[in-house]
Amino acid sequence: MPSHDPYAAVRYREYRFLLFGGFLANLGSQMQTVAIGWELYERTHSAMALGWVGLVQFLPIILLSIPAGHLADRFDRRRLVIAAQLLMAGASVGLAVLSFTHGNVAWMYACLFAGGVARAISMPAGASLLPALVPRAAFSNAVMWRTTAWHLASTVGPALGGLLIAALTLPAVVYALDAGLILIFIGCLLAMKLRLPTHRGDSATVRSLLAGFRFVWDTKIILAAITLDMFAVLLGGATALLPVYAKDILHVGPSGLGWLRAAPAIGSLLMGLGLAYRRPLQRAGPALLWAVAGFGATMIVFGLSRSYWLSLGMLFASGVLDSISVVIRHTLVQVATPDSLRGRVSAVNGLFISCSNELGEFESGTMAAWFGPVVSVVSGGVGTMLVVVGVAALWPQLRRLGALHEASTPVTEEEEKGLPSA
């Protein structure tokens, strides 16, 4: 048996540009998320205001993800990502101006909406770009390193954002810094040299737009994995309420908020490194189910905790478990999808992710406004564990999933010719 190479994907030049640039862009985004949550809660003293942050970013994704996925299957995916990142940088500049001038909060939501539009365009194009950068054999490794880089940004970003706000009391600096990091990411995308396969046969009909949904519906293993993630995080996520916990329950201020935001990412980062250095999971389905069930359990304990260190520990553990889920799901979606459909299937996956993240923030804020933050978090954790039981019963093929390569599609001649050499 050949030895496992933990750096297989990193040996490819174009992949390194994507990895580094994406890390910087995610670093800025994580810093900005902390700044947004802190500033809006400071200005409004309303948990519902935090819920609206998720909703205004979710609406453009639910409206535009499917058309954006179709564009990603017809046009240059790299150019689409660059255009989306330019829009995202502009939205961050707008937030910086509004924060510095104490502009109307409604305009801040408008900038967040624009960022949601950019994310809707970028997600399917960016996700379907990855298989063109590394060969199939290194793809799982590429997902692991990209996930690890994302979690590293999620570790450093919130902590750095919280420290900057505590030191400068000026969130505008964080928004401006985010815009600058996005521009560096654009530079990395422009520096990549690759030939991308394009599929221009399908016109923009209703049938072609919905092809991604049909493929996901027919491929039950993908449907089970992304449904599990969507409902688990939709119910069990507590990130929108971290400003409330930091200020009113744990009493740790903005720097404490930064570490609360960073704790899940630290856990995910360490687990991601562990996954990169070990051989691929041989029982991926059961691992996914147990990881999501454990995630729900950590949210229950976090919701009930009044100890800052116990809360940090539970968030850390949730990140460890979430990293397993993310790597399995993203690898499964890409390796089981033909390249001609990757944009549209990635759009469906992105739509499910946004339902769990942005809509989950709205759900958390609404539940907290009605019943209090503790009830919101604890009931969500219970709901997550019930979802695991339901998915395992409804789709038994997920329980039986072994190694992820068992779900992969054959490599086409067009894909093989377009792949770079190490």
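Reader: Histidine 251: buried or exposed?
Author: Histidine 251 counts as exposed, because its relative accessibility is 58%. Exposed means over 50% relative accessible area, buried under 20%, and partly exposed in between, with a 1.4 Å probe and protein chains only. This is a predicted model, where local features need pLDDT of at least 70, side-chain atom pairs count only at pLDDT 80 or more, and totals for chains, interfaces and linings use all residues. Residues are numbered from 1 along each chain as its sequence is written, and side-chain values use heavy atoms, with hydrogens and water left out.

Reader: Where does histidine 251 lie?
Author: In the loop between α10 and α11, the latter spanning 253–277. Helices here are DSSP runs (H or I, at least four residues; strands are E, at least two), numbered from the N terminus.

Reader: What is the phi of histidine 251?
Author: Phi is near 55°, a positive value in a residue other than glycine. Most residues other than glycine have a negative phi.

Reader: At what angle do α1 and α10 pack?
Author: Two packed helices are described by the angle between their axes and the distance between the axes. For α1 (residues 13–44) and α10 (residues 242–249), the angle is about 55° and the axes are 9 Å apart. Axes are lines fitted to C-alpha atoms, for helices over the stretch in contact, with angles from 0 to 180 degrees between N-to-C directions. The pair is therefore oblique. The cut-offs: under 35 degrees is roughly parallel, over 145 roughly antiparallel, 65 to 115 roughly perpendicular, the rest oblique.

Reader: Which residues meet there?
Author: From α1, Gly37, Tyr41 and Glu42; from α10, Pro243, Val244, Lys247 and Asp248. By class, this contact has three nonpolar, one polar and three charged residues. Ala, Val, Leu, Ile, Met, Phe, Trp, Tyr, Cys and Pro count as nonpolar, Asp, Glu, Lys and Arg as charged, and the others, Gly among them, as polar.

Reader: And how do α1 and α4 cross?
Author: They cross at roughly 155°, with their axes coming within 13 Å. That makes α1 and α4 roughly antiparallel to each other. The contact uses Leu18, Ile36, Glu39, Leu40 and Arg43 of α1, with Val105, Met108, Tyr109, Leu112 and Leu129 of α4. Contact means heavy atoms within 4.5 Å. Its residues divide into eight nonpolar, no polar and two charged.

Reader: New topic. How many disulfides?
Author: Zero, from a search of the whole structure. A disulfide is a pair of cysteine sulfur atoms within 2.5 Å.

Reader: Are cysteine 111 and cysteine 188 buried or exposed?
Author: Cysteine 111 counts as buried at 14% relative accessibility. Cysteine 188 counts as buried at 8%.

Reader: What is cysteine 111 in contact with?
Author: Leaving aside its neighbours within four places in sequence, cysteine 111 touches Ala91, Gly94, Leu95 and Leu98. Cysteine 111 itself lies in helix α4. Its C-alpha is 9.3 Å from that of glutamine 57, 54 residues apart along the chain.

Reader: Where is serine 46?
Author: In the loop between α1 and α2 (47–74). Serine 46 is partly exposed, at 23% relative accessibility. The C-alpha atoms of serine 46 and alanine 368 are separated by 9.9 Å, though 322 residues apart along the chain.

Reader: Last one. Which helix holds leucine 160?
Author: Leucine 160 sits in α5 (residues 139–168). Leucine 160 counts as partly exposed, at 33% relative accessibility. From leucine 160 to glycine 28 is 9.7 Å, C-alpha to C-alpha, and 132 residues in sequence.
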